[in-house]
Structures are given as C-alpha cells and as structure tokens.
Amino acid sequence: MVIFHAVVMVLSPRRFILRGVKRISAVVGGSSLVLITLLSWYPLRRRCYEIFLRLHHTLAAVLVVSALLHVPSELVPRIYIYVGLGIYAITLTAEALLLVRRNGVFIGIFTNTRWGRLPRVGEIFKYPVRDNSDGYKNPIQFMIHCPEPLQIDAGQYINVWVGSLGIMQTHPFVVASWTGNQQTKLMLIIEPRRGWTKRLQSKAMDVSGQTMGLGRVLFTGPHGASIPVGDYEYLFMVASGYGIVAQLPLLERLVHGVLAREARALRIRLVWEFEDTDLYDAVVPILNWVLYEAQKLGKNCALTISLYSTQLVLLNKLSQRAMVYDTHIPLKGAFDAEIAPMDARKMGENEAAQRAAEKRAQEIGRGREEIMEEIMKKRVGKVGRWQGNITNEAQDVQQPDEKIDELETLPLCTKSPRMLITDYQPSDKN
Ligand SMILES: Cc1cc2nc3c(=O)[nH]c(=O)nc-3n(C[C@H](O)[C@H](O)[C@H](O)COP(=O)(O)OP(=O)(O)OC[C@H]3O[C@@H](n4cnc5c(N)ncnc54)[C@H](O)[C@@H]3O)c2cc1C
C-alpha cells in the first residue's frame, strides 16, 4: 500500500504539499517502514544488532502512531490496526506471564519470599589463560540456578536477561547441560563477542563457584523445536567453532536414548572443526562425559567423534571413539564415508528382499502345481469309479489346507517403519 501510494503521488500531475496531520503522518509512517526494511538487511543488522533492535522497536511504534493519525477515525479502516495491536498485546502478555511463571515470581509472591525465589547466577567461570592464547576469546561458562525444575529438550535455547549487564538486552543461548530429566541448573557456554558477552567475560573468574555479584537473572524459554534425533538410524553431525555447543546435548540425548532403547541410532558420527583452543578446554569435559557413557553402547551402536584443529598443540586420542586431527575438516570425504555403509546396507536389504520375493514366487508356484496334481488325480479316481474300478487313491492324498497354518490376525504396521507385528498361532491341526 505504501509503495502504491508513493508511486501514485509521484506520477500524479498535482503537486504534493506536505501540510496537515494526515499528509505528514503518511510521510513519517512510510519513511519508518522503509527504514525498518533497510535496517533489517542482514549485514547491517549483524554489525550492530543492539542499535538495530532499539531502532526497530522505535520505528515500529512511530509507524503505528502515524497509521492511526493518517487513516480516518471511522471503525472500518481503524479496526485493522486495532486487530494487529490486539494480537501484539496478547502475545506480549502471554510472554510476560510465561516469563514471570518460569522465573518463579508467582511462587515467590505466594510464599512471601519475593525476589528470593528468582533464578540466580550459580557460577560464572572461565579457564586461566593458556600460554598460546591471549585470553581474549576464553569462553564463559555461565550457570543459572532456577527456582523451579525445568524440562529442557536437547538443543533448545533460552533468552537471558541480566540487569547489571544491560537493562534493555536479552540474549539467546543454547542450554549445554542436558540431563534428560527436569533440571534446576542450566549451563551455558558463551563466546565472548563485542557487546553484552564481552562485558560478561570481563566479570568471569578462573575460580569455580564465583558469581561476581551478578545475582539475579531472568530468562524466557526453553525455545526452539526439539529435534527427533532418536528416530534416525544414521546420524552425521557437523559443527564448527561454537556450533558444538548446540550439538553436545543432541549427542548426549542420542547416547542416553540408545542405552535406554529409545533411539534407533546404529551409527553416529560427529565431526567438529575449531581454531579456538580455549573452547576446546571448555568442551572436552562434556565430551569426555559423553564418551564415558558411550562405553556402555557396546556393539549396539557405532559412535565416532573426529576433532579437527590446526591450532591444537597437543594432539591426542580422547578415547577409542574420538580422534583429534591437525588438519581442516575433509567434509566431503567424511560425508561420503558415512554414506557408504548406508548404501551397502540398503543394497544388502534390496538383495535380500529380491531373494525373498523369488522364494515366495517359487513356493506359491510349487503349491499350485501340487494342487493341480491332486485335482488331476481326483479326476482320474472319479473316472475309474464311473468305469466300475473303485479306488481309494484320492482319500490318501493330503489335503492342501492341512499344511497351511493360518495367521490369526492381520499384520500390523507400527509407527516404526522397520517393525512388523504379527500374532502368529499354529492351527490346531498340527
Ligand atoms: C538460537 C540461538 C542460540 C545461540 N546459542 C549460543 C550459545 O550457546 N553460545 C554462544 O556463545 N552464542 C550463542 N548464540 C549467539 C549469541 O546469542 C550472540 O553471540 C550474543 O547474543 C552476542 O551478544 P553481544 O552483545 O556480545 O553481540 P555483539 O558483539 O553486539 O554482536 C555479535 C553478533 O551477535 C549478534 N547478536 C547480538 N545480540 C543478539 C541477540 N540479542 N540475539 C541474537 N543475536 C544477537 C549480532 O547480530 C552479531 O552478529 C546463539 C544465538 C541464537 C540466535
């Protein structure tokens, strides 16, 4: 509509005079919309996200006010704006209630403990600076203690607000500590960037258990879809840098799932490339824990982890299942290597299915020939009787239905495409 009005205004032979509330609000509203679109351009938004966010909110408010001033005051055009505002208000209220509930404020009010029940920072930790690192990129391990146990699915994230680091800022982070149960401790692994995260890093200590006076923290979430990793047989997980933080909970869930016979995974391969050795330090304890659990997998599931880094001085083998390489990730080769056993298995399955189909056809053909033979024999017997030669030959022939055990129920197709359940009972005749 804005583009259409602008084009008409330019093409119109009548001069546009910027006078009166209606016209000024039209220009202001239209300009806000254009600015919102331009500022949302990814390279711009990426460079200065906080400024983008504040401007976005301000321009959106200006747009709404301009639209209200521009359109006639009758109900019909205004209703569209009211509906939009209504939806926004409902969503905002729902989110606010969720935030308040999630952070235990209701419990706090009703139990008279007020702010004592809010989530708080449990720890803000970073490793000491390594010899070959300037400590500038040391990841932050940020622990939140929640008043209420929270069910987090692997790979989900929360939006965190810490008042002392920025009143108007929330930042999303994946929950790296996935336990499979309801949890009251949420661990985040955070990369120090330029803004909020850098300020957070400056507070972090290389001593465990310190909170550095950060005190209360609020968060919304968990957000994000839960990925059904347990439904797949072959999993190829690729991460670079901090992407590993989102993969670790999924890997843990897979290992738990296979051990509990809830996941179908036959083969899991994780490849991770990183340059930041400080990040390696933060991730290795979690990786080791997953590998410790994975020892119980036995031959049920093949798990291999390959780490690639050109920066790591100490190359070593984490375990039987995890190797560290000093090269860049050979992504295509790694992917092809994973596809090969899948293809081989698929081919094997196809061949087996073909053999089974051939055998079935043979057996059915043989059965048909036997029945034909019997019928012919019976006919010969009848002809003999008609001719006065009584013979009992036909009675000696085994009836075809004596050989067939019938399925009592029809095969059931289960949710799992690889499983077929039949309730098979031999017939009474056998
Ligand atoms: C769903 C999701 C999960 C994430 N999980 C993790 C994680 O587990 N660990 C981790 O280290 N990082 C994670 N990030 C990235 C993290 O949110 C940003 O690095 C962080 O918000 C940067 O804050 P800053 O003020 O220091 O950023 P700046 O230095 O100002 O900007 C650095 C980059 O972060 C982006 N950014 C800044 N603020 C936000 C914001 N509020 N929301 C989204 N992006 C923003 C900017 O566009 C820019 O590209 C995640 C991001 C998303 C969207």
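Reply: R261 is placed in the loop between α8 (244–259) and β8 (267–273), where helices (H or I, at least four residues) and strands (E, at least two) are DSSP runs numbered from the N terminus. The model is a predicted one, in which local features need pLDDT of at least 70 and side-chain atom pairs count only at pLDDT 80 or more, while totals for chains, interfaces and linings use all residues. Residues are numbered from 1 along each chain as its sequence is written, and side-chain values use heavy atoms, with hydrogens and water left out.

Me: What is phi of R261 near?

Reply: Phi of R261 is near 55°, which is a positive value in a residue other than glycine. A further backbone feature is found at the peptide bond from G221 to P222, which is cis, with omega near 5°, and P222 itself belongs to strand β6 (residues 218–223).

Me: In what order do the strands of the sheet with β6 run?

Reply: Two strands pair if DSSP finds at least two bridges between them. Here three strands make an open sheet in the order β4-β3-β6, with antiparallel pairing. Because β4 and β6 stand at the edges, each with a single partner strand, one side of each is left without a neighbour in the sheet. From one strand to the next the twist averages 25°, with axes taken as lines fitted to C-alpha atoms (for helices over the stretch in contact) and angles running from 0 to 180 degrees between N-to-C directions. Strand β3 (residues 157–161) is joined to β4 by four antiparallel bridges, and I158 has F173 in β4 as its bridge partner.

Me: Which strands form the open sheet that contains β5?

Reply: That sheet is also open and has three strands in the order β1-β2-β5, paired in antiparallel fashion. β1 (120–125) and β5 (183–190) are the edge strands, each with a single partner, so one side of each lacks a neighbour in the sheet. The twist from one strand to the next averages 20°. Five bridges link β1 with the antiparallel strand β2 (residues 140–150), and E123 stands opposite M143 in β2.

Me: Which residues come nearest to the ligand?

Reply: A residue is near a molecule or strand if one of its heavy atoms lies within 4 Å of it. Around the ligand there are 20 such residues, of which H171, P172, E191, R194 and T197 come nearest. By class, this shell has 10 nonpolar, four polar and six charged residues, where Ala, Val, Leu, Ile, Met, Phe, Trp, Tyr, Cys and Pro count as nonpolar, Asp, Glu, Lys and Arg as charged, and the others, Gly among them, as polar.

Me: Which element gives the most residues to the shell around the ligand?

Reply: β4 gives the most, with four residues. The shell draws at least three residues from each of domain 1 (2–102) and domain 2 (117–223), with bounds from an automatic or database domain assignment.

Me: How far is the polar backbone atom of W196 from the ligand?

Reply: A polar backbone atom of W196 is 2.9 Å from an oxygen atom of the ligand. For E191, a backbone N or O atom lies 2.7 Å from a ligand oxygen atom, and a polar backbone atom of T170 is 2.9 Å from a nitrogen atom of the ligand.

Methods. A polar contact is a pair of N or O atoms within 3.5 Å; within protein, one must be able to donate a hydrogen and the other to accept it, and residues adjacent in sequence count only if both atoms are side-chain atoms.
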